[in-house]
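The model under discussion is shown below.

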Amino acid sequence: MAATDAVATAEAEAEAPKKAVDPDFEPEVITFACHYCAYAAADLAGSMRLQYPTNIRMIKLPCTGKLEVIHIMKAIQAGADGVYAAGCLEGECHYLKGNLWARKRINHVKTLLEELGIEPERVEMYNMSSAMGAKFAEVATGFVNRIKELGPNPVKREGVDVHAAARAAVGDVAMPDDAAPATVKEGTAE
Amino acid sequence: MITAERKPFDEIVALVGDRKKVLVAGCDTCVAICLTGGEKEAEVLASELKIKAEMDGRDVAIEHTAAIRQCEWEYLDMIAAKVEEADVVLSMACGIGIQSMAEKFAPKVVIPAVNTNMLGMPQEHAVWLERCGACGDCVIGETAGICPVVRCSKSLMNGPCGGSHDGFCEVTTPEKENIDCAWHMIWDRLKEQGREELMIKVRPPKKWNMSNSGGPRKMVREEAKPV
């Protein structure tokens, strides 16, 4: 792109009025949560009766280090308005460096989104421990508010189950959801 | 091994144009090892192109695949069905793979999604350094296993030059990182090997006619050709 185009684009952006927040817009946000920290922190947030937006849909991973670039891209492609990964505090990863890898991959996805002209702020990496129920609620609230300000994902389509699509893209890497109803056969429970 | 870097997205989009059926074809050999054009990267590029098409409101069928090696006819047969269905193939292989595809499936339009850049050595995970210029007349037997053709900024055969300071070249990389002076390294290692006399040997002009300046090179192994 010529430098003059870049200047023109920047000027157009400066002149354009700030996008108004649609009060009816309810973002669909995919949260990739590490089994050892964020997933447990979400549990704790629930036990503590903390409020956080219902816009987030969790996908449980054994470690955020299992998250690959394509998993995040597929969630965006399916129409997720925002995607974030929540892993352990830096230095506290159960697998030593998984959360550091996740941060790098998310930063890479940000560059891919920039290439496409999509706001890189739609993807983010957060760190928390399993004892940080309040942090979990705070991150969820902050991120959902951020996405509300950004507005819908430009490739959002009606009738697509974003959570199911994102979950399918992750495949076997994701862990079964604890909240899923347990299938216990009669007479087999100990 | 051969390394490559993905082209800027805008350039790829411009090359694809308004074609309706796009196949992103990765290669699972060199470009997969250098994390640029394997099946994973092909899937990521396909995902980006799908998002782009959706944003532009265009109906484009985008598929991805990968050949074990795009530079060999036999492996190309394995992806032939997918290639035939596409209007355009976006190859993520090195220049050899891309040209093999274009020749095998002519007149199918095959376009590169990467820039093939060097014969590099993985210095550490995710870092590659140029180690060979495929000049056709290897001299490293006399230069302590260090290639002056690609590792010396001037490709000097009788170095070092006056631009060598504290082991570094006066030239830096585009990222302003220091480059080790090849001839300083050659001297250090020759000393270690007790072969210092090779440093003062005057080397005559190199046989550059065996390099890539005399048209495309060809290699034939008669003893191995099928009878």
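How far apart do the C-alpha centres of domain 1 of chain B and domain 2 of chain B lie?

## Domain layout of chain B

The coordinates belong to a predicted model. In this model the C-alpha centres of domain 1 and domain 2 of chain B lie 38 Å apart. The domain assignment gives residues 2-118 of chain B to domain 1 and residues 133-205 to domain 2.

## Contact between chain A and chain B

Chain B and chain A each bring 12 residues to their contact. On the side of chain B that touches chain A, two helices, α1 (9-16) and α3 (39-55), each supply at least two residues. The greatest share of that side comes from α3(B), with 10 residues.

In terms of residue class, the side of chain B that touches chain A comprises 7 charged, 4 nonpolar and 1 polar residues.

## Helix packing in chain A

Two packed helices are described by the angle between their axes and the distance between the axes. Helix α2 (residues 38-47) and helix α5 (residues 133-150) of chain A have axes that come within 7 Å and cross at roughly 95°. The helices α2(A) and α5(A) are therefore roughly perpendicular to each other. From α2(A), the contact is made by A:A38, A:A41, A:A42, A:L44 and A:A45, while α5(A) contributes A:G133, A:K135, A:F136 and A:A137. The residues of this contact of α2(A) with α5(A) are 7 nonpolar, 1 polar and 1 charged.

A further pair in chain A is formed by helix α3 (residues 69-78) and helix α4 (residues 98-116), whose axes are 9 Å apart and which pack at an angle of about 45°. Because of this angle, α3(A) is oblique to α4(A). The crossing of α3(A) and α4(A) is right-handed. On the α3(A) side, A:V69, A:I72 and A:M73 take part, and they meet A:R105, A:I106, A:H108, A:V109 and A:L112 of α4(A). By class, the contact of α3(A) with α4(A) consists of 6 nonpolar, 1 polar and 1 charged residues.

## A hairpin in chain B

In chain B, strand β8 (residues 168-172) pairs with strand β9 (residues 178-180) in the antiparallel sense, over 2 bridges. Within this pairing, B:T172 is opposite B:N178 in β9(B). The hairpin of β8(B) and β9(B) has 5 residues between the strands, and B:K176 adopts a positive phi near 65° there.

Terms used. Residues numbered from 1 in each chain as written. Chains lettered and ligands numbered in written order. Predicted model: local features only at pLDDT ≥ 70, side-chain atom pairs only at ≥ 80, totals over all residues. Pairing = 2+ DSSP bridges. Helix = DSSP H or I, 4+ residues; strand = E, 2+ residues; numbered from the N terminus. Axes fitted to C-alpha atoms, helices over the stretch in contact; angles between N-to-C directions. Parallel < 35°, antiparallel > 145°, perpendicular 65-115°, else oblique. Contact = placed C-beta atoms within 7 Å. Nonpolar A, V, L, I, M, F, W, Y, C, P; charged D, E, K, R; others polar. Domains from an automatic or database assignment. Left-handed = near helix turned anticlockwise from the far one by under 90°.
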